[in-house]
Amino acid sequence: MDIGKRLQDLRRERGYTQVKMQMLTGIDQSDYSKIERGHRYYTFEQCIKIAKALNTSMDYLAGLTDEKTPYIRRITEAETK
């Protein structure tokens with residue numbers, strides 16, 4: 001499956017627009033659009049932000065698994081503040 005298509009389908013399942021993804025991830029909407037269309041790759045840091053925003057795993061975004069449910073994530077001290 002095309003990674004960009006997988007990302008787009010998951011975003012739509014969640015009911016998010018690209019502008020909403022910009023607000024959740026800090027990734028400019030035009031850059032996010034390019035990622036979905038396969039015209040640009042996301043960085044490791046962007047992948048983390050996208051996975052958190054879409055409540056999925058980075059493995060799912062990379063096409064390494066078909067399981068959309070994220071792994072159990074440990075909460076860091078910085079996130080509790």
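Which residues are buried in H1? Gly4, Arg6, Leu7, Gln8, Leu10 and Arg11 are. Buried means under 20% relative accessible area, with a 1.4 Å probe and protein chains only.

## Basis

This is a predicted model, in which local features need pLDDT of at least 70 and side-chain atom pairs pLDDT 80 or more, while totals for chains, interfaces and linings use all residues. Residues are numbered from 1 along each chain, and side-chain values use heavy atoms, without hydrogens or water.

## Helix H1

Helices are DSSP runs of H or I with at least four residues, numbered from the N terminus. The buried residues of H1 pack against helix H2 (18-25), H3, helix H4 (44-53) and helix H5 (58-62). Contact here means heavy atoms within 4.5 Å.

At the start of H1, a side-chain oxygen of Asp2 comes to within 3.3 Å of the backbone nitrogen of Gly4. Just after H1, Gly15 has a positive phi of about 80°.

## H1 against H3

The axes of H1 (residues 3-13) and H3 (residues 29-37) come within 6 Å and cross at roughly 120°. Axes are lines fitted to C-alpha atoms over the stretch in contact, and angles run from 0 to 180 degrees between N-to-C directions. H1 and H3 are therefore oblique to each other. Oblique covers angles left over from under 35 degrees (roughly parallel), over 145 (roughly antiparallel) and 65 to 115 (roughly perpendicular).

H1 contributes Gly4, Lys5, Leu7, Gln8 and Arg11 to the contact, and H3 contributes Tyr32, Ile35 and Glu36.

## Ser33

Ser33 lies in helix H3. Ser33 counts as buried because its relative accessibility is 14%. Ser33 and Gly63 are 30 residues apart in sequence and 18 Å apart in space, C-alpha to C-alpha.

Notes. Helix = DSSP H or I, 4+ residues; strand = E, 2+ residues; numbered from the N terminus. Buried < 20%, exposed > 50% of the residue type's maximum accessible area, 1.4 Å probe, protein only. Polar contact = N/O pair within 3.5 Å; in protein donor to acceptor, adjacent residues only side chain to side chain.
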